[in-house]
Amino acid sequence: MNVSKIIAVILIVISLGLGYFGLNKVKENTTEVNFLGLKIEASNESEKRQGYIYLGLAVLLFGGGIYTINKSK
């Protein structure tokens, strides 16, 4: 197996892990409570922003992995 294909697969696997971690981070830091018809939303913006950064990095790594696989053919 070619070294560039191995690197591409590693990039894709890391991107999937980062994407999963980022989605969980965004989901865990957003809470909504409905109390007596009053909708209360609480969120930790700095942690949500960090989750979005992880998602962005995951997209970049995934794209890099796909590009590397296509380039090595």
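Where is the place of Lys48? Lys48 sits in helix H2, where helices (H or I, at least four residues) and strands (E, at least two) are DSSP runs numbered from the N terminus. The model is predicted, so to speak of local features a pLDDT of at least 70 is needed, side-chain atom pairs count only at pLDDT 80 or more, and totals for chains, interfaces and linings use all residues. Residues are numbered from 1 along each chain as its sequence is written, and side-chain values use heavy atoms, with hydrogens and water left out.

Lys48 is buried yet has no salt bridge, and Glu45, the nearest side chain of opposite charge, is 4.1 Å away. Buried means under 20% relative accessible area, exposed means over 50%, and partly exposed falls in between (1.4 Å probe, protein chains only). For charge, Lys and Arg count as positive and Asp and Glu as negative, while His and the chain ends are not counted. A salt bridge is a side-chain nitrogen of Lys or Arg within 4 Å of a carboxyl oxygen of Asp or Glu. Leaving aside residues up to four places away in sequence, Lys48 touches Val26, Asn29, Thr30 and Ser43, a contact being heavy atoms within 4.5 Å.

The rest of helix H2 can be read around this residue. Besides Lys48, the buried residues of H2 are Gly51, Ala58 and Gly65. The buried residues of H2 pack against H1, strand S1 (30-35) and strand S2 (38-43). With 27 residues at 1.5 Å each, H2 should span 39 Å, and its end C-alpha atoms are 39 Å apart, which agrees; the expected span of a helix is 1.5 Å times one less than its number of residues.

Helix H1 passes the same kind of check. Its 26 residues should span 38 Å at 1.5 Å a residue, and the end C-alpha atoms are 38 Å apart, in agreement. Buried in H1 are Ala8, Ile12, Ser15, Leu18, Gly19, Gly22, Lys25 and Val26, and the buried residues of H1 pack against S1 and H2. Ala8, found in helix H1, has 0% relative accessibility and so counts as buried. Not counting residues up to four places away in sequence, Ala8 touches Gly65, Thr68 and Ile69. Ala8 and Tyr67 are 59 residues apart in sequence, but their C-alpha atoms are 8.1 Å apart in space.

Rings of Phe, Tyr and Trp (its six-membered ring) pair if their centres lie within 6.5 Å; planes under 30 degrees apart count as stacked, over 60 as edge-to-face and the rest as tilted. By this rule the model holds one aromatic pair. The ring centres of Phe21 and Tyr54 are 5.1 Å apart and their planes stand at 65°, so the pair is edge-to-face. This pair links distant parts of the chain, with Phe21 in helix H1 (residues 3-28) and Tyr54 in helix H2 (residues 45-71), 33 residues apart. Phe21 is partly exposed at a relative accessible area of 42%, and Tyr54 is partly exposed at 23%.

Side chains of opposite charge can pair when their charged atoms come close. The salt bridge count comes to two. In one of them, the side chains of Lys25 and Glu47 meet at 2.9 Å, N to O. Lys25 lies in helix H1 and Glu47 in helix H2, so the pair ties together parts that are 22 residues apart in sequence. Lys25 is buried at 15% relative accessibility, whereas Glu47 is partly exposed at 25%. Glu32 and Lys39 also meet in a salt bridge, at 3.8 Å, N to O. Lys39 is exposed, with 57% relative accessibility.

Lys39 leads on to the strands. Asn34 stands opposite Lys39 in S2. S1 and S2 pair in the antiparallel sense over six bridges; two strands pair if DSSP finds at least two bridges between them. Of the six residues of S2, the number buried is zero, so S2 lies largely in the open. The hairpin of S1 and S2 has two residues between the strands. Leu36 lies in this loop and has a positive phi near 50°, in a residue other than glycine. Leu36 counts as exposed, at 80% relative accessibility.
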